Amino acid sequence: MKECDIYEHDIHVLISDLKSGQESAFDYLFVTRYKELCRFARAFVGSYEAAEDIVQDVFIKIWENNLRISNGVSLDSYLYVAVRNLSLIHISEPTRLQLIS
């Protein structure tokens, strides 16, 4: 049985491996959640490119900090809240490109 097959059946193993920085767990999470999270972010920001940037930022933070999730919190809820929060920050910021007068 491949390691990713374990993750399909046991979310607790996936979370534990993410917390300990296992690359295979991160790869599995990215492959299985990326596209749906991008669609979710796009509903906020309107642009698929901006949505991809937001989702990539979430995954970068997970990779750099290992996963910081409390016991009992749904992994998917954690991801969607993180994407939502970054999306809201993105749409509330003034446009980064300013015309020079």
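Reader: How close do the axes of α3 and α5 come, and at what angle do they cross?

Author: The axes of α3 and α5 come within 10 Å and cross at roughly 35°. Axes here are lines fitted to C-alpha atoms, for helices over the stretch in contact, and angles run from 0 to 180 degrees between N-to-C directions. Before we go on, please note that this is a predicted model, in which local features need pLDDT of at least 70 and side-chain atom pairs count only at pLDDT 80 or more, while totals for chains, interfaces and linings use all residues. Residues are numbered from 1 along each chain as its sequence is written, and side-chain values use heavy atoms, with hydrogens and water left out.

Reader: Why is R33 called buried?

Author: R33, in helix α3, has a relative accessibility of 17% and therefore counts as buried. Buried means under 20% relative accessible area, exposed over 50%, and partly exposed in between (1.4 Å probe, protein chains only). Leaving aside neighbours within four places in sequence, R33 is in contact with I11, Y28, F59, D76 and L79.

Reader: What joins the side chains of R33 and D76?

Author: A polar contact of 2.6 Å joins the side chains of R33 and D76. The term asks for a pair of N or O atoms within 3.5 Å; within protein, one must be able to donate a hydrogen and the other to accept it, and residues adjacent in sequence count only if both atoms are side-chain atoms.

Reader: Is R42 buried, exposed or partly exposed, and what is the value behind the label?

Author: R42 has a relative accessible area of 44%, so R42 is partly exposed. This residue lies in helix α3 (residues 23-45). I89, in helix α5, is partly exposed because its value is 43%.

Reader: How do you know that the buried residues of α2 line one face?

Author: In helix α2 (residues 11-19), L14, I15, D17 and L18 are buried. Seen down the axis of α2, these buried residues fall within an arc of 165°, so they line one face of the helix. The arc is that of the directions from the helix axis to the C-beta atoms.

Reader: Which residues touch the most other members of the largest nonpolar core?

Author: Of its 26 residues, L18, V55 and L75 touch the most other members. Two or more residues each come from α2, α3, α4 (48-65) and α5 (75-92), and the largest share, nine residues, comes from α3. A nonpolar core is a set of buried Ala, Val, Leu, Ile, Met, Phe, Trp, Tyr and Cys residues joined through side-chain atoms within 4.5 Å.

How values were computed: Helices (H or I, at least four residues) and strands (E, at least two) are DSSP runs, numbered from the N terminus. Contact means heavy atoms within 4.5 Å.
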